[in-house]
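Please look over the sequence and the structure shown here before reading the briefing that follows. The points after the lead sentences are grouped by topic.

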Amino acid sequence: MGAASAQNPESCHLVELTYEAFRVTQQAAAAAAEGIATTSAAVLKAVREREKELDSLDRDIDDLVTTTITKVSDKSARELLACMKFAISLERIGDLMLSFANRAEAVSAHLESQDTRDLTLMASRIERMIADVETAFRERNLDKAVSVLRADGELDRLCNIIMFRHLEPSGSERKVDSFHVLFMAQELERAGDHAKNMAEEVCHLISGRTVRHVLRTYDRPVEQLFLDHLRKID
């Protein structure tokens, strides 16, 4: 199913700003992954610039939605509301990536290889999740949106691995670094939650139904449950 065509220039501009916000957030996640992997302070500092861009885009999208939403059809209005929600989530991911990068700049050179590997993998997964949400929104592609729901579970698993490694009793003294690593893992995990929320919003935009509403009734894997529900209403 192709993306709905915007009905006026302001709507088109707002949707394009949303795609730009997706692009900038992907860049922030990519810089976070590269920065922690290479211990490059210059790469990690790039996350700060992306965060500033996201703040600006969030303000522009919010202002434009307010002045545009009353001039379009109900269908386009739902799309514009989704854009506003995406901008909020993407801006929050940018904040989390900046906090991650600030901590990484302080401790990345001292991290153990397992922590570096897992944190790099988490940041790379977030970059992929954001890209898939954008594709799902642009193409109205339910499969892509569901793939993000699945990916969030893997991100949670990686976060748990890091937490277990640092919270288990150990003879080695790494309390300071462990403190930072745990917060960094949690920041990435929360960024994944925001990506998952955006995927759920795409599901709602496509189908008119929410994942969470269906979950209240049935105890089944979220992605399978949602696809089964769509088959029923079709």
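Tyr19 and Phe137 are both buried, where buried means under 20% relative accessible area, exposed over 50% and partly exposed in between, for a 1.4 Å probe and protein chains only. The model is predicted, and local features need pLDDT of at least 70, side-chain atom pairs count only at pLDDT 80 or more, and totals for chains, interfaces and linings use all residues. Residues are numbered from 1 along each chain as its sequence is written, and side-chain values use heavy atoms, with hydrogens and water left out.

**Aromatic rings**

- Four aromatic pairs are found in a search of the whole structure; rings of Phe, Tyr and Trp (its six-membered ring) pair if their centres lie within 6.5 Å, and planes under 30 degrees apart count as stacked, over 60 as edge-to-face and the rest as tilted.
- One of these pairs is formed by Tyr19 and Phe137, which is tilted, with 5.8 Å centre to centre and 55° between the planes.
- This pair links distant parts of the chain, since Tyr19 belongs to helix α1 (residues 9-38) and Phe137 to helix α4 (residues 113-139), 118 residues apart; helices (H or I, at least four residues) are DSSP runs, numbered from the N terminus.
- Ring pairs join Tyr19, Phe22, Phe86 and Phe137 into a cluster.
- Arg138 lies over the face of Tyr19, at 3.7 Å from the ring centre, a charge being counted over a ring if NZ of Lys or CZ of Arg is within 6 Å of the ring centre and within 35 degrees of the ring normal.

- Glu79 is found in helix α3 and, with a relative accessible area of 2%, is buried.
- The side chains of Glu79 and Arg140 make a polar contact of 2.8 Å, meaning a pair of N or O atoms within 3.5 Å, of which, within protein, one must be able to donate a hydrogen and the other to accept it, while residues adjacent in sequence count only if both atoms are side-chain atoms.
- Lys85 also lies in helix α3 (residues 74-107), and counts as partly exposed because its relative accessibility is 42%.
- The side chain of Lys85 is joined to that of Glu201 by a polar contact of 3.4 Å.

**Packing of α3 and α4**

- α3 and α4 pack at an angle of about 165°, with their axes 13 Å apart; axes are lines fitted to C-alpha atoms, for helices over the stretch in contact, and angles run from 0 to 180 degrees between N-to-C directions.
- α3 is therefore roughly antiparallel to α4, as angles under 35 degrees count as roughly parallel, over 145 as roughly antiparallel, 65 to 115 as roughly perpendicular and the rest as oblique.

Conventions:
Helix = DSSP H or I, 4+ residues; strand = E, 2+ residues; numbered from the N terminus.
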